[in-house]
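Dear colleague,

Please find the structure below, together with its sequence. A summary of the findings follows it.

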Amino acid sequence: MLILKKNRKHNLNTIQKFIIHSILFLGICFLPVSLFPSEPFNNIQGFYGERAAGLAGAFTAIADDPSGAYYNPAGLGFTHNDGISISASNFKDVKRSYINIDTPGQRYNQTHQGFDPNFIGLLKNFDRWKFAFSIVNTYNYSYNRVDQVNYPLVSPSINSTRNYTKERYNQLLVGPSLAYLLNDKLSLGATLYYLNDTKEVSRTQFQQFSDLSYVMRSYVDNRRTSGLMPVLGIQYQPNPKLSLGFSYRRIFVTGGDRLYNEVYVDSTRRPGSSAVDFIEGTGSGASSIEQGVLTQKPKLVTSIPQTQEMRFGVAFFPTARFLASFDMIHTSGYKVRRNQDEISTFGRRVTYTINDTEVRELTRYSTTNFAAGMEYYLADTFSVLGGIYTNEPNTKPVSWTESAVDLYLQNTFGNQVSASSGDASVIYKVARSGTNPRNEYSRNKGFSLGFSWVTSKSSVSVTYIRETGYGNSRIDPNSLAQSFEYMAQSIYIMVSSRN
C-alpha cells in the first residue's frame with residue numbers, strides 16, 4: 001500500500017507528527033486500499049461437476065462424468081452412456097475478517113457474493129475411445145466497495161478519508177479431452193485446457209486535512225494472461241469394488257499483457273513539474289515521475305505462477321448403493337527471480353537502487369490437501385453425498401514477531417543502506433515483509449452435503465459447501481500482523497442429461 005503523505009517543506013517535527021498520526025489512523029483510513037486479495041491465497045477454489053462437489057472433490061479415482069476431464073480424464077474411459085451434457089452453477093458467499101486492526105476490537109470485513117456458471121461439459125463414447133469437451137470457471141471474484149471516515153479521534157489533523165474500490169479476478173479453462181480404455185481394468189486419458197486469467201483493479205483514495213488541504217491517489221491495474229494447462233491421467237480398477245486414480249497437471253504461460261497507471265496529487269505542492277506524480281507501466285517497462293524525480297522501474301509482471309499439481313485417489317464400492325472415496329492433492333511451489341533494480345535522475349543527480357530479485361507477486365509455497373467423500377443411495381433414484389476437505393495456504397506464514405522486527409528496522413534504518421560519490425548514489429534496499437503482496441495465511445477446512453435425483457436420462461443435484469479458516473494477515477506495511485478469519489458458503493446447482 002502506498003501511504004498518502006503531505007509533502008511539505010515544514011520542519012522535521014511536523015513531518016514526524018504527521019507520520020505518527022497517519023500510522024495510528026491507518027487501521028481505519030487506509031485498509032480498503034490494499035485489503036482485497038491479489039490472486040487466491042489457497043489452491044482449492046471450488047468444485048466442478050455433479051458428483052465431485054458432493055464428494056468434496058474426492059473424485060480422482062471415479063471421474064466417470066464430464067467433470068472427470070478436470071479431475072482425471074482417464075476416468076472418462078469407464079463411462080457407458082453414449083453422450084452426457086452437464087451444467088453447474090455456483091452461488092458463493094465469502095467473508096474475510098481482519099481482527100484487532102491497530103487497536104483492540106477494531107475489525108474490518110471484506111465480503112463477496114456472486115452467482116456464476118462454473119462448469120459445462122460434453123461427453124461422447126466411441127467404443128473404447130471417449131471424447132469430451134469442458135468449460136471450467138475456476139474462480140470469479142468481484143468487489144465493489146466505498147468507505148468513508150470523518151473526523152477520526154486518533155488523528156485530529158484529518159477531516160475525512162474516502163476510498164473507492166472496484167476489483168475483479170477471473171480464471172477460465174476451455175478445452176477437449178480424450179480417454180482410451182486399454183482393457184476392462186485400465187484407462188488412460190488427457191485434457192488440454194486453454195487458460196485465460198484476468199485481473200482488473202480500479203481504486204481511488206481521497207484524504208482531506210483540517211487545514212482543507214488534500215491528497216488524492218487514483219490508479220488502474222489490468223492484467224490478462226493466457227496459457228495452456230494439460231492434464232494427464234490414469235485409472236486402474238483391479239476389481240469391481242476398488243478403483244485407483246492418478247492425474248498430473250501443469251500451467252504453461254504462453255502470453256500476457258498488463259497496464260498500470262497511477263496519478264497522485266497533493267494540493268500543498270507548488271504548481272510545476274513536481275505538482276503531480278505519475279506512474280505508468282506495462283509488461284515491457286515502467287517509469288515514474290515523483291516530485292520531479294524520473295525513475296526507470298522494472299517491467300510489470302504479466303504471468304501467473306506456473307505450478308504443478310498431482311492428485312492421488314482411491315475409491316471403494318462395497319455395495320451397489322454405497323461408495324467412499326479419498327484424494328490427496330499436492331500442488332507445487334513456485335518462485336521466480338529477475339533483475340528489479342531502478343535508476344532515478346533529478347537534474348545531474350543519478351541514483352541506482354538495488355532491489356531484491358524475488359518476484360514476490362508470483363511466489364507460491366507448496367501445499368498438500370486431503371479430501372474424503374461418500375455417496376449412499378437411499379432409493380433407486382435418490383442419493384445423499386457428503387465429504388470433508390482441507391485447503392492449506394500457498395503463502396508464507398505471517399508472524400507477529402516478524403512484523404514487529406520489520407517495523408523496527410524500517411523506523412530505525414529505513415531497511416536500506418546507501419553510498420554516494422559526487423552526483424552518483426547507490427542504494428541497497430532490503431525487501432520488507434510488510435510489503436509482500438502475499439500477505440494472508442489461513443488454514444482452511446470445509447465440508448459438503450448434497451442431494452441428487454437420478455433417472456436413466458437425467459439428474460438434478462443440489463450441494464451445500466461451507467469452508468472456514470483461521471490464521472494471520474499483514475494488510476498494511478506500517479502496522480503489526482493481525483488475526484484473520486475466513487468463511488465461505490457455496491450452493492451448487494447441477495443438471496445433466498444422458499442420451
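Is Ser134 buried or exposed? Ser134 is buried, at a relative accessible area of 0%, where buried means under 20%, exposed over 50% and partly exposed in between, with a 1.4 Å probe and protein chains only.

The model is predicted, so local features need pLDDT of at least 70 and side-chain atom pairs count only at pLDDT 80 or more, while totals for chains, interfaces and linings use all residues. Residues are numbered from 1 along each chain as its sequence is written, and side-chain values use heavy atoms, with hydrogens and water left out.

Ser134 lies in strand S3 (residues 129-150); strands (E, at least two residues) and helices (H or I, at least four) are DSSP runs, numbered from the N terminus. Leaving aside residues up to four places away in sequence, Ser134 touches several residues, including Ala69, Phe119, Leu173 and Tyr193, contact meaning heavy atoms within 4.5 Å. With Tyr193, the side chain of Ser134 also forms a polar contact of 2.8 Å (a pair of N or O atoms within 3.5 Å; within protein, one must be able to donate a hydrogen and the other to accept it, and residues adjacent in sequence count only if both atoms are side-chain atoms).

After H5 comes Gly414, with a positive phi near 70°.

Yours sincerely
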